[in-house]
Each structure stands twice: as structure tokens, then as C-alpha cells.
Amino acid sequence: MWKSGCGCQGSRRGWKMPCPECGSSEVVEDSHYSQSHLVCTECGFLLTEGLLTTTRSEETFSQAVRYSESTAEVKKPCRNQIQGQKRVHDLCRILRVRPVVEDTASELYLKVYEHQSFLHVTLEKKEALVGCCVHISCRQHNWPLTLSTICSLLHVEPTLFSTVYQHLLKELRLDIPTLSLLDLVKTHCDGFNLFQNSASIPSQFLENKEKVVERAMQLVELASETWLVTGRHPVPIITAAAYLAWQSLLPGHRLKCSLGRFCKLVGVRQPPPASQRVKEMLDILVRLASQLAWLVPQQLDAKTVVKYTDDILRHRTLLLKQTLSLAWAENTNAQTDLSKQTEMGAGAEGGSGDGDGDGGESVPSLADHVGDEVSRQKRKTPVFLPPCLNQRKRKKACPEAEASLHTEPTTGEEEISDSEIEQYLRTPEEVAAFKAARAIL
């Protein structure tokens with residue numbers, strides 16, 4: 001508090017309001033500090049304590065405001081926000097996206113950083129927010145980009161990144177367009193080291209980028225037509241397609257190269273399901289190659305069918321039609337033969353049933369043999385189905401069911417407990433309700 005005897009020298013200005021403490025009109029402007037204060041010379045009361053924190057517009061009219069209100073106009077971004085914006089721009093320049101994509105990602109990051117749901121998150125999640133904003137911006141502007149690419153550039157765990165990404169979409173209610181799988185093939189294959197001359201890569205492994213991408217796109221289209229893409233992650237499928245496309249262009253030197261070595265040569269991490277996708281694609285190629293007339297005398301398998309990938313892809317539409325029509329004809333003929341042989345087996349069993357003795361073992365009927373043969377033929381039929389129908393679910397072990405198999409067979413003469421008998425007894429009210437409901441029906 002200021003006192004009247006403090007000896008301060010101030011200039012008197014036209015201040016109409018009296019001192020609220022003592023009612024005196026002796027109010028002067030003291031310039032002892034860098035900014036002036038209005039002080040009462042009688043009691044030393046400081047009238048304009050908030051003058052140090054006024055806004056620019058209010059300083060002109062000498063209006064006092066609170067500190068929280070004054071700092072809103074000249075608020076500066078924090079260090080983490082500035083660093084995050086810089087990371088967004090650096091990531092966009094690494095990916096070489098268009099300027100409009102970079103601007104959209106920067107605006108989205110500013111909006112997300114000040115959102116209530118992301119104010120008090122960890123630094124790892126804020127780092128993941130940078131990648132989420134860039135990925136969303138790329139998807140909105142039809143720029144193909146995968147989550148795994150962002151995670152590898154930012155060194156963020158994929159599980160953490162996907163969690164933040166889903167949370168961001170839910171909070172901001174963003175509508176992200178679907179990504180074309182064929183466009184993703186070009187983006188995924190752009191960074192392969194096999195398309196660049198290097199001393200560490202053998203000459204027989206180097207290949208033209210355009211040829212590999214074109215054939216990989218054809219293999220991805222074939223996988224889509226045969227239900228291999230349904231419900232699957234795109235990166236393992238693209239990796240498997242690129243691997244088979246690269247092998248088919250020079251099979252003599254590349255058939256012995258494994259998928260793991262191929263991923264090391266191209267400089268990408270091998271996805272765990274990629275080896276399974278390779279087996280499924282080879283299975284499809286073997287099935288289609290069996291329909292080519294000039295390949296019928298040869299015995300094709302997963303190791304040799306890669307040599308004829310060019311012929312298979314060139315005639316894939318016709319081969320798919322032939323394979324499906326052949327499968328349909330085999331199923332129809334098998335069902336017709338099954339119905340005829342079942343009728344013959346039923347007649348034979350009826351004729352031979354009178355001559356059977358009591359003391360002989362049961363002989364399997366003709367219908368059982370026919371059913372086994374038809375089911376065996378159906379399993380060999382090359383039918384293209386979604387993965388959920390091809391892969392049968394494993395039955396879970398049920399201890400109660402296993403225990404019931406080892407119990408003695410039921411004869412109907414077992415004792416019934418009183419509690420079980422009470423379940424079958426009905427009260428007169430239940431009997432009357434049952435008769436009334438039966439009459440209505």
C-alpha cells in the first residue's frame with residue numbers, strides 16, 4: 001500500500017472518480033515504475049492496480065482490466081506447440097506432398113492441439129498426433145499413404161498410433177475417404193532399394209521399377225477377384241504381390257531368394273502375414289495355370305508356377321471363368337450321382353436286410369461310401385471363397401461335453417431327484433393358462 005508520506009512525485013490528471021478508500025479527490029498519476037499508476041495521496045490507496053496488464057486498446061482509454069483478460073490478446077504458442085508444427089512441416093517435406101496437403105495438416109494440428117481431449121496427453125501421444133494430422137490430410141487430398149509408413153518415420157508404436165488416430169476421428173468427427181489399393185501399390189514400391197543402383201545389391205536382383213509396379217498391380221487385382229483381399233491388411237498383400245512380381249521377371253536367378261531376404265534387400269520390414277499371403281497367391285496361380293492348354297502336360301507346383309505368371313495374368317479373365325464353370329459343373333454332377341447312388345443303396349439295403357444275422361458286425365452301407373467320395377471331391381474342387389469360409393474355425397474344447405462322452409449310456413431307468421421332478425409338475429393356475437392359450441391358438 002502507498003502512504004501519504006512516501007514522498008512520491010506525481011502529476012495530476014483529470015481523474016473524476018474519488019478514492020474509494022477515503023473519498024478524497026487527491027488522486028495523482030505516479031510514474032515511479034515503468035508504467036504509471038493512479039494513487040491517492042491522502043491514504044496511499046492504489047486505484048489502478050490492473051493498469052500494468054491492460055490490453056492495447058484499453059491502454060489508450062486508461063481502462064483497468066484483470067490479468068487473465070489482458071493476456072488473451074497477446075498470447076503466444078507454447079514450446080511444444082511450436083515444435084509440433086515444425087514436425088508437421090518436416091514430415092510433409094520428407095514425404096514430398098503438395099503444399100495444399102502441408103497447409104491442411106498444419107491447420108488440423110493447431111485445431112487438435114487446442115482441443116480439450118488432447119490438452120493433457122503425454123508427449124508420445126502428441127508426437128503421434130503429428131503423424132495422424134499428416135495422414136488425415138493426405139487421405140483427404142487423395143494422396144496414398146499407409147499408417148506403417150508414418151510409424152516408421154516417427155518411431156511410434158503402431159498400437160499407440162492407431163489408438164490416437166481412432167480417438168482423433170471420433171472427437172473431431174472427420175470423414176476419411178477410402179484409399180484405393182492400386183494407388184497404394186505405387187506408393188509402397190517407390191522406396192524399394194532394388195530400383196536403385198547400389199554396390200551392396202547384386203546385379204541380377206536389380207529391376208526396373210515400372211515393370212515391378214505394373215505386374216504387382218495385376219497380381220493385386222487377381223487377389224481381389226479371388227477374395228484374398230477381403231478383410232485383410234493391405235501391406236502384407238502388396239508385399240507378397242511385389243515379391244512374386246519381382247521373381248517372375250527373372251525367375252532363373254530369383255526363385256531361390258526367400259521373402260525375408262527380399263524384404264532386407266528392398267529395405268522394408270517383413271509383415272508377419274506376408275508369407276501366408278504368398279502361399280495363397282501361389283495356390284491361386286497353380287489353380288489357374290492348370291487351365292492353360294500348353295501347361296497341362298507339365299506338373300506345376302508353387303516353385304515352378306512363378307515362371308508362367310505372365311501367361312496367367314494375360315489370360316486371367318478367361319481362366320477365372322473356366323475355373324469357376326468347371327467347379328460348378330463338378331458340384332452339379334457330384335450331387336446328381338449322389339442322389340442316384342443313394343437310391344440304389346437304399347434299395348440294396350432293403351433287399352439284404354432280411355438275410356442279415358443277429359451275430360454279425362455292421363457293414364457300412366453304399367450311401368456312406370458315396371457320401372465320403374463326394375465330400376472328398378468337393379474338398380478338391382477349386383472354388384474361390386472369402387477367407388472366413390475357407391478357414392474353418394477350431395472348435396473350443398468343452399470339458400462338460402468331453403465328460404459326457406465317458407459316462408454310461410442312458411437307459412431310462414435312472415433315479416430322478418425330487419428337485420428335477422418338481423420342474424415337470426404344474427400348478428392348477430399354469431394348467432388353466434396353458435389351456436386358455438391353446439384354445440386361442
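1. N142 is exposed, with a relative accessible area of 55%. This residue sits in the loop that links α5 (123-140) to α6 (147-154). Its backbone deserves a look: N142 is not a glycine, yet its phi is positive, at about 60°. The coordinates come from a predicted model, and the phi of N142 is accordingly a computed value of that model.

2. Is R173 buried or exposed? With a relative accessibility of 78%, R173 counts as exposed, because the cut-off for that class is over 50%.

3. On the overall confidence of the model, the mean pLDDT of the protein is 76, and 71% of its residues reach 70 or more. Two stretches call for caution. Over residues 50-54 the pLDDT stays under 50, and the model gives this stretch 15 contacts beyond four places in sequence. Residues 377-382 also have a pLDDT below 50, with nine contacts in the model beyond near neighbours in sequence. Where pLDDT is low, the predicted coordinates should not be read in detail.

4. Of its 441 residues, 33% are buried. Among contacts with a separation of 6 or more, 62% are between residues 24 or more positions apart.

5. The pairing of α8 (residues 181-189) with α9 (residues 209-225) may be examined in detail. The axes of the two helices come within 10 Å and cross at roughly 145°; the crossing is right-handed. On the α8 side the contact is made by L181, L182, V185, K186 and C189, and on the α9 side by V213, A216, M217, V220 and E221. By class, the contact comprises eight nonpolar residues, two charged residues and no polar ones.

6. Which residues does V220 touch, not counting residues up to four places away in sequence? They are L181, L182, V185, V229 and A241. V220 belongs to helix α9, and L181, L182 and V185 are among the α8 residues in the contact of the two helices. With a relative accessible area of 2%, V220 counts as buried, because this value is under 20%. The C-alpha atoms of V220 and M281 are separated by 9.4 Å, although the two residues lie 61 residues apart along the chain.

7. The largest nonpolar core has 52 residues, and those with the most contacts inside it are L194, F262, M281, L288 and I312. At least two residues of this core are supplied by each of α8, α9, α10 (234-249), α12 (259-266), α13 (274-289), α14 (309-314) and α15 (316-352). The greatest contribution is that of α10, which gives nine residues. M281 is in contact with A223, L228, I237, A240, A241 and L244, leaving aside its neighbours within four places in sequence. Apart from this core lies another, of 32 residues, including F118, C138, L145 and L169.

8. S106 lies in helix α4 (residues 99-113). Its relative accessible area is 11%, and S106 is therefore buried, the cut-off being under 20%. Leaving aside neighbours within four places in sequence, the contacts of S106 are with Q85, V88 and H89. For Q85, the separation from S106 is 21 residues in sequence and 6.4 Å in space, C-alpha to C-alpha.

9. C19 is placed in the loop between β1 (10-11) and β2 (27-30). Although it is a loop residue, C19 counts as buried, at 2% relative accessibility. Not counting residues up to four places away in sequence, C19 touches S24, V27, C40, C43, F45 and L47. C19 and L46 are 9.0 Å apart in space, C-alpha to C-alpha, and 27 residues apart in sequence.

Definitions and conventions:
Residues numbered from 1 in each chain as written. Predicted model: local features only at pLDDT ≥ 70, side-chain atom pairs only at ≥ 80, totals over all residues. Heavy atoms only, no water. Axes fitted to C-alpha atoms, helices over the stretch in contact; angles between N-to-C directions. Helix = DSSP H or I, 4+ residues; strand = E, 2+ residues; numbered from the N terminus. Left-handed = near helix turned anticlockwise from the far one by under 90°. Contact = heavy atoms within 4.5 Å. Nonpolar A, V, L, I, M, F, W, Y, C, P; charged D, E, K, R; others polar. pLDDT = per-residue confidence, 0-100. Buried < 20%, exposed > 50% of the residue type's maximum accessible area, 1.4 Å probe, protein only. Core = buried A, V, L, I, M, F, W, Y, C linked by side-chain atoms within 4.5 Å.
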